[in-house]
Amino acid sequence: MKKKLLALVLAATMAVGMAGCGAGSDTGAAAENDAPQATGEATSDLNVMIETAVESLDPQQATDGTSFEVIADYTDGLMQMDAEGNPVNALAESYEVSEDGCTYTFKIRDDANWSNGDPVTANDFVFAWQRAVDPAVASEYAYMLSDIGQVANAAEIIAGEKDKSELGVVAVDEKTLEVTLNVPVSYFLSLMYFPTFYPVNEAFFNECGDTFATSPETVLSNGAFVLDSYEPAATAFHLTKNEDYYDAARVSLTGLSYQVIQDSQTALMSYQTGDLDITLVNGDQVDQVEDDPEFDSIGAGYLWYVTPNIKAVKELANLNIRTALTLAINREAITTDVLKDGSLPTYTAIPRDFAADFAADQEQFSDFCRDDATAAAEYWQAGLDELGITELSLELVADEDDAPAKVATVLKDQWETALPGLTINITTEPKKQRVQDLQDGNYELGLTRWGPDYDDPMTYLGMWYTDNSNNYGFWSNSEYDAIIDECTTGELCTKIDERRTRLYDAEQLVMEDAVIFPIYTAANAQMVSSSVSGIEFHPVALNRVYKNTTKN
Amino acid sequence: MKKYVLKRVLTSIFTLLAIVLVLFILMQLMPGSPFNDEKLSDDQRAVLYAKYGLDQPIVVQFGHYVVNMLKGDFGVSYNISKNTPISQLIQTRLPISINIGFFAVALGTLVGLILGLIAALKRDTFLDSLCTIISVIGVSVPSYVFALALSFTFGFKWRIFPMLYNSADALNSSVMPSVALSMFTMATIARFTRSEMIEVLGSEYMLFAESKGLSNHALIFKHALRNALIPIITVLAPLVVDLMTGSLVVEKIFAIPGVGSLLVNAIQSNDYNVVIALSFIYSALYIFIMLVVDILYGVIDPRIRLGKESN
């Protein structure tokens, strides 16, 4: 009987297989015809995998990394990033900073042109920046000009108190742009490569109207590549080298071919067949590819941390309890055994390899933050005694995505093992809801992340300022607020070294009070073909830059 | 017949309006909002809400939406493709999904019918068991498993079909997703055809037809299959819905720029307008198919048509 069944199953498989071959043979010829064409392209176009589609090609509306990357492929700003992420001249031929640090005068290159032949002018920047703060445009990144860039009148215009024409940016003449700031901003030049600050050709924009930046016909290029196939939310699109680019000699790729792939298995297989030159791999696939020399891990800048709700949960208002929780985390185990994607254990409130390596010394707060379950248990006991309880149950909320859900499970395990009497209940939610719950203060412990907006520690430290909307735990410390004030709008803005020292002081306050439990600095595990070199990776603003990329 | 069709069409329209209302309420109940990214301040969120009219009472929003929808305006996307009109977003994607879905239904139905027929006519033989095994596999294995298996063998190993959808080569690109999607339909149709055919073949009118000396061919195709088709058409409509849900995952695996992947992304990012528009289109398609099925009953079996008309 068994034999008969086996024979049947075998026959069935063969039949299915044969049916498949039959269907395949008609079309197999066509597929083969396509093959030479595909490889012909591959010699010079870079085939790039992205996980999500472009959300917007409008530089003043875009907010996500993918959109920024693509916009920057075909648009230059005043500055661009060098391989280390420092700002170097792009459209700006030269610039001057006034003595008080509040006025920047940029000279725009004479040979910079839009792809319709118009020269890039100072007015293109004035128009774009005014759009960015225009309440009618409602740009999500308007705060890059106001809070972060401190461009004069930006905040008032966003609030609707002044007209956008009063923004502190004027075209002195066709090629001279003058920017006025409220206070000196030490990192202002590094904002100039952020796409919100990119120019838009006003006449062209008005011609396009509502359709601006929705197709190759409705975008203008002034950068290394020209968009030649695209539609909104496209899963595949293409850019060709811009022969009229002022720096065209430096660009060796003939084009960029983007492919959105959401399924990680499909992405890896496509990479292995050579359809892709660069692809992301997820944590589960790392074991399979980690010995491959083409496997690499690139810092993504995101800091993942747990925020305790200090205001609403009285047990978490106890410093010993909080210190116990942060000490009880085994960050090494999380990055090496769980994530495996090259993420780095982090013991500082600023992520690693960021802002001129501000967090280079991971030991500096080791009194309050390290992997030490034994010490954790002591703090824990002290905290329980102070509270007069023996048991504590806390809820940990996390995104339902793969990595955060896994990390939450491990945290629960580590905490419950190290801290007797503690019970952790995990709630996983869609990210949108998790963010809402944290912002509303409707949580006990929250696993969250923060990506840097600009190349300065303030992009993190600004969060724990009293009443900042991302200060989820509602922590408040007047000494801390004073340091932040001093370093953003006060006298330290221009004194770079002193400012840095004070920022460490601020970070120390956050760490010793265990306002956040830093866990790891995220990394992207990826495969990059060995025939490709010179892709520049950055944790902030533009994650990947292809201007100097070569492919053999 | 005309009156019957008209009545069905009117009911469909009201059903669709009710669906829009339900979708609207569901969107309101959905946790989070399109604009609660951690990078947004309260003021900015207020500005965005005002810009898109989301600060209005839900009744007003619903009114606006229905009025605009009747004009063919489904609004704009909030975040998966900022400020792009939904109609533009769907325009190129819907035909791709419908094509693949159509191939899948056609392939599944055809192969399913053949398998079912063979199984019924060669009842209790080796062929019958073979067909049964195929249909059990088809019903129990989800379409994305087939998709991955096909992608791995025909795409990755043998390179017969492209692993990634290529709009320049739509026909070849559609083969694997269509086959993966068709498995469930095929299996279900095969099982139904088999049992219906066995029942019909054993009925007295078949015995009568046979005793009249009709040819085997006429017996099976004119008498037996036609009667067996009615219950099969009934299952076809819900199967089409399974195709839609299956396509959500299959589109992801083959990176197909269809509406399924769009819907998944829209739901995850609370892009209300996209979710409502796509759910509406899915509902409209489903209702349309039900309508067609109802009318088909009448064509295949005159008794149904007469029965309804006399009411």
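**Entry 1: two helices in chain B**

I looked up the handedness of the crossing of α5(B) and α10(B), and it is right-handed. This is a predicted model. I then noted the extents: α5 covers residues 93-121 of chain B and α10 covers residues 216-253 of chain B. Their axes come within 10 Å. They cross at roughly 135°. Angles over 145 degrees would count as roughly antiparallel, and 65 to 115 as roughly perpendicular. α5(B) and α10(B) are therefore oblique to each other.

Which residues make the contact between α5(B) and α10(B)? From α5(B) I listed S97(B), I100(B), G101(B), A104(B), V105(B) and T109(B). From α10(B) I listed L236(B), V240(B), L243(B) and S247(B). I sorted this contact by class: six residues are nonpolar, four are polar and none is charged.

**Entry 2: a sheet in chain A**

Next I traced an open sheet of four strands in chain A. I read the strand order as β4-β5-β7-β6, with antiparallel pairing. I marked β4 (92-97) and β6 (169-173) of chain A as the edge strands, since each pairs on one side only. From one strand to the next, the twist averages 20°.

I followed one pair further. β6(A) and β7 (residues 176-180) of chain A run antiparallel and are joined by four bridges. What stands opposite D173(A) in β7(A)? I found T176(A) there.

I also checked for a helix against these strands. α3 (residues 122-133) of chain A lies across β5 (103-108), β6 and β7 of chain A. It runs at about 165° to β6(A).

**Entry 3: where chain A touches chain B**

I turned to the contact between the chains. It takes 48 residues from chain A and 46 residues from chain B.

**Entry 4: confidence in chain A**

I checked pLDDT last. The mean for chain A is 89, and 92% of its residues reach 70 or more. Over residues 1-42 of chain A, pLDDT stays under 50. For that stretch the model has 24 contacts beyond four places in sequence. Where pLDDT is low, the predicted coordinates should not be read in detail.

Methods
Residues numbered from 1 in each chain as written. Chains lettered and ligands numbered in written order. Predicted model: local features only at pLDDT ≥ 70, side-chain atom pairs only at ≥ 80, totals over all residues. Contact = placed C-beta atoms within 7 Å. Axes fitted to C-alpha atoms, helices over the stretch in contact; angles between N-to-C directions. Parallel < 35°, antiparallel > 145°, perpendicular 65-115°, else oblique. Left-handed = near helix turned anticlockwise from the far one by under 90°. Nonpolar A, V, L, I, M, F, W, Y, C, P; charged D, E, K, R; others polar. pLDDT = per-residue confidence, 0-100. Pairing = 2+ DSSP bridges.
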